[in-house]
Amino acid sequence: MDDDDRVFKALADATRRLLLDRLFERDGRTLTELERETAMTRFGVMKHLRVLEEAGLVVTRRSGREKLHFLNPVPIRLIHDRWIDKYTETPASMLANLKTTLESEDEQ
């Protein structure tokens, strides 16, 4: 399984997306903090975090006795650059130009 497959697999699950959302809101959470955010057991959350770590979406660091979890947005950005950006660059640029033009006409 290549890196993109791991990222897509990790993002395919709603619970894992919820965990990523929580880490986006506040990085450096413990397993206990993340467990409180779900209706799952500690071991269920650990399994989801393991998938996220294998995909490179979550990195961990020990701080004393605690293991802190941090969001790593780089794999998502790489997928964006590969699969989305090349298809939307021109239309997005055109819309931005149109917005600027319309706003400048309103000022006149």
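I count Ala, Val, Leu, Ile, Met, Phe, Trp, Tyr, Cys and Pro as nonpolar, Asp, Glu, Lys and Arg as charged, and the others, Gly among them, as polar.

**Entry 1, ground rules.** I note that this is a predicted model, in which local features need pLDDT of at least 70 and side-chain atom pairs count only at pLDDT 80 or more, while totals for chains, interfaces and linings use all residues. Residues are numbered from 1 along each chain as its sequence is written, and side-chain values use heavy atoms, with hydrogens and water left out.

I looked up the pockets (on a 1 Å grid over the protein atoms alone, open sets of points where a 1.4 Å probe fits, with protein on both sides within 12 Å along at least five of seven lines; lining residues have an atom within 4 Å of a point). The largest pocket holds about 220 Å³ of space, a volume being the space filled by probe spheres set on the points, which are joined across faces, edges and corners. By class, I find three nonpolar, three polar and five charged residues in its lining, including Arg-42, Glu-53 and Lys-67. Helix 4 (42-54) gives the largest share of this lining, five residues, and helix 3 (31-36) and strand 2 (66-71) each supply at least two; helices (H or I, at least four residues) and strands (E, at least two) are DSSP runs, numbered from the N terminus.

I next looked up the core (buried Ala, Val, Leu, Ile, Met, Phe, Trp, Tyr and Cys residues joined through side-chain atoms within 4.5 Å), where buried means under 20% relative accessible area, exposed over 50% and partly exposed in between (1.4 Å probe, protein chains only). Of its 16 residues, Leu-49, Leu-52 and Leu-57 touch the most other members, and helix 4 supplies the largest share, four residues. Leaving aside neighbours within four places in sequence, I find Leu-57 in contact (heavy atoms within 4.5 Å) with residues including Val-7, Leu-20, Phe-70 and Ile-76.

I counted ten salt bridges (a side-chain nitrogen of Lys or Arg within 4 Å of a carboxyl oxygen of Asp or Glu). One of them joins Arg-22 and Glu-25 at 3.2 Å, N to O, and both residues lie in helix 2, three residues apart, about one turn of the helix. Arg-22 counts as buried because its relative accessibility is 19%, whereas Glu-25, at 54%, counts as exposed. I also see that Arg-22, Glu-25, Arg-29 and Glu-37 are linked in a network of salt bridges.
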